[in-house]
Amino acid sequence: MPPKKRGKGKKGKKKKTSDGNELQEKYKRSTLDVAVLKEHLALRRDVARQAQAGSHSLKSRLAVLEQELDEEREDKKDINADLTRQYKSMQMETGVRVHQLEIEVSRLRQQLALCQHDLQGEREERQRTVQEKDATIAELQGKIDNMETDYERILHDTLDSLLSHLAESKLRWVDESTALHFNNKERLADFGLNPLDI
């Protein structure tokens with residue numbers, strides 16, 4: 001009988017030891033789970049901080065790009081204003097020149113009328129005087145025609161040059177704007193952003 005009691009006592013000790021080992025294993029697993037969760041939480045915090053820092057960086061870059069775009073628009077406005085001013089100045093100078101030519105033509109025509117009137121009073125020298133005056137008239141008319149032709153050529157050349165400069169400026173602005181937009185899209189794509197979502 002007594003040995004049986006000792007046997008039961010050993011079994012009770014083994015059971016308590018087994019329960020203790022199981023609790024210790026659970027504690028180790030719990031400690032490991034807590035450590036893993038803490039590490040995961042720290043990793044998520046780092047990711048969140050990095051994402052927030054990236055967001056601030058993108059917002060700052062976007063603000064800089066918007067400022068650059070505004071400056072480009074102001075430069076374009078200034079160029080347009082300058083071209084308009086130059087065109088108006090050229091147009092005014094051309095108008096003044098036309099007016100001067102018209103005055104000159106009117107003066108020459110008045111002289112021609114006086115000459116023709118004087119010719120009527122000089123019957124005896126009519127033939128010779130008519131020939132001289134016809135030559136003078138032809139010369140003056142040639143000068144007038146040449147002046148009109150030169151003025152028309154100058155006007156066309158000036159307008160063609162201005163239109164060519166405007167076309168070149170427009171193409172340059174379009175190319176620069178397209179390149180700027182393309183670079184901005186690439187930069188946004190580098191940050192994993194879709195330009196249409198912004």
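Guide: Asp157 is partly exposed, because its relative accessible area is 42%, where buried means under 20%, exposed over 50% and partly exposed in between, with a 1.4 Å probe and protein chains only. This is a predicted model, in which local features need pLDDT of at least 70 and side-chain atom pairs count only at pLDDT 80 or more, while totals for chains, interfaces and linings use all residues. Residues are numbered from 1 along each chain as its sequence is written, and side-chain values use heavy atoms, with hydrogens and water left out.

Visitor: Which side chain does Asp157 meet in a salt bridge?
Guide: The partner of Asp157 is Arg153, at 3.6 Å from N to O; a salt bridge here is a side-chain nitrogen of Lys or Arg within 4 Å of a carboxyl oxygen of Asp or Glu.

Visitor: And how many residues apart are Asp157 and Arg153 in helix α2?
Guide: They are four residues apart, so about one helical turn separates Asp157 and Arg153. Helices are DSSP runs of H or I with at least four residues, strands are runs of E with at least two, and both are numbered from the N terminus.

Visitor: Why can side chains pair like that?
Guide: Side chains of opposite charge can pair when their charged atoms come close.

Visitor: How many salt bridges does the structure hold?
Guide: The structure holds seven salt bridges, including one between Arg85 and Asp82 at 2.6 Å, N to O, and one between Arg73 and Asp70 at 3.8 Å, N to O.

Visitor: Where do Arg73 and Asp70 lie?
Guide: Both lie in helix α1, which covers residues 2-121, and they are three residues apart, about one turn of the helix. Arg73 is exposed because its relative accessible area is 52%, whereas Asp70, with 42%, is partly exposed.

Visitor: Changing topic, which residues form the negative surface patch?
Guide: The negative patch is formed by Glu68, Glu71, Glu72, Asp75, Asp78, Asp175 and Glu176. Patches are made of residues with over 30% relative accessible area and no salt bridge, with like charges joined within 9 Å and nonpolar side chains (Val, Leu, Ile, Met, Phe, Trp, Tyr) within 5 Å.

Visitor: Which element gives the most to the negative patch?
Guide: That is α1, with five residues, and Asp75 is found in helix α1.

Visitor: What about Glu148, where is its place?
Guide: Glu148 is in helix α2, residues 126-190, and it counts as partly exposed because its relative accessibility is 47%. Glu148 and Leu101 are 47 residues apart in sequence and 8.6 Å apart in space, C-alpha to C-alpha.

Key: Areas by Shrake-Rupley, 256 points an atom, 1.4 Å probe, with all protein chains shown as cover. Lys, Arg positive; Asp, Glu negative; His and termini not counted. Charge placed at Lys NZ, Arg CZ, Asp CG, Glu CD.
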